[in-house]
Amino acid sequence: MLDYLAGLAAGDGSITLDKYGRWRVRIFDASKEFLEALCMLINADMKYNCRIHWDGTVWYLSIYSEELAKALKPRLTNPIDTHEWVKGFVDAEGSIYKWVCRNNKVYYQVAITNTNINYIEIIEKVLKNLEIEYRVAITRDMWKPRYRVLINKRESLRRFLMEVGFRHPLKAERARHIL
């Protein structure tokens with residue numbers, strides 16, 4: 001569970017000291033339902049008290065715990081269970097796309113996007129171990145490169161969704177249509 005949370009925090013979260021000197025872990029998402037389910041899991045499995053907040057543009061889960069923050073921080077770039085870390089990261093930064101071409105042929109793609117090359121290298125390592133074919137597209141995002149891991153071959157998509165998949169309910173629902 002720690003590596004899954006670290007992957008979420010690496011993708012769409014933060015681990016910081018607040019202005020009162022308290023350690024805070026935050027996970028951001030557009031889906032309140034996803035964060036509520038995650039909060040229940042954290043409360044049940046890890047016994048940390050978490051809360052869901054709205055900041056005016058996005059929902060976020062917050063946990064005030066020095067112990068948790070210090071356990072997660074090194075796992076942001078050096079996870080113990082890389083497979084679980086990637087599951088968290090994909091829930092934060094992954095997307096599923098569907099295209100319908102002029103001839104009504106349907107294509108699907110999973111894309112995982114981030115600007116941190118260290119995170120992309122962790123993802124590549126897991127995908128190679130699972131023998132999932134992918135490619136990395138690099139574009140410029142303001143001042144730094146933006147990396148997109150793209151999976152679009154049918155067998156690779158199926159293997160990715162079976163082995164890594166999504167816990168995020170919206171993404172999991174889209175994935176069910178592919179399987």
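A: Gladly, and we start with touching: contact means heavy atoms within 4.5 Å. This is a predicted model, where local features need pLDDT of at least 70 and side-chain atom pairs count only at pLDDT 80 or more, while totals for chains, interfaces and linings use all residues. Residues are numbered from 1 along each chain as its sequence is written, and side-chain values use heavy atoms, with hydrogens and water left out.

Q: Which residues does D141 touch, not counting residues up to four places away in sequence?
A: D141 touches T115 and R146 under that rule. D141 is in strand β7, residues 135–141; here helices (H or I, at least four residues) and strands (E, at least two) are DSSP runs, numbered from the N terminus.

Q: Is D141 buried, partly exposed or exposed?
A: Buried means under 20% relative accessible area, exposed over 50%, and partly exposed in between, using a 1.4 Å probe and protein chains only. D141 has 32%, so it is partly exposed. By contrast, E33 in helix α2 has 54%, and therefore counts as exposed.

Q: At what angle do α1 and α4 pack?
A: Axes are lines fitted to C-alpha atoms, for helices over the stretch in contact, and angles run from 0 to 180 degrees between N-to-C directions. Helix α1 (residues 2–12) packs against helix α4 (residues 82–93) at about 35°, and their axes are 6 Å apart. Among the residues that meet are G7, L8 and G11 in α1 and W85, G88 and F89 in α4. Sorted by class, this contact has 7 nonpolar, 3 polar and 6 charged residues. For that sorting, Ala, Val, Leu, Ile, Met, Phe, Trp, Tyr, Cys and Pro count as nonpolar, Asp, Glu, Lys and Arg as charged, and the others, Gly among them, as polar.

Q: What does α1 do with α2?
A: α1 and helix α2 (residues 32–46) pack at about 145°, with axes 12 Å apart. L2, Y4, L5 and L8 of α1 meet F34, L38, I42 and M46 of α2. The residues of this contact are 8 nonpolar, no polar and no charged.

Q: How many aromatic pairs does a search of the whole structure find?
A: Rings of Phe, Tyr and Trp (its six-membered ring) pair if their centres lie within 6.5 Å; planes under 30 degrees apart count as stacked, over 60 as edge-to-face and the rest as tilted. The search finds 7 pairs. W54 and W59 have ring centres 5.0 Å apart and planes at 55°, so this pair is tilted. W54 is partly exposed, at 46% relative accessibility. W85, F89 and Y119 form one aromatic cluster.

Q: Over which ring does the charged end of R22 sit?
A: A charge sits over a ring if NZ of Lys or CZ of Arg is within 6 Å of the ring centre and within 35 degrees of the ring normal. R22 sits over the ring of Y64, 4.3 Å from its centre. Likewise, the charged end of R26 lies over the ring of Y60, at 5.2 Å from its centre.
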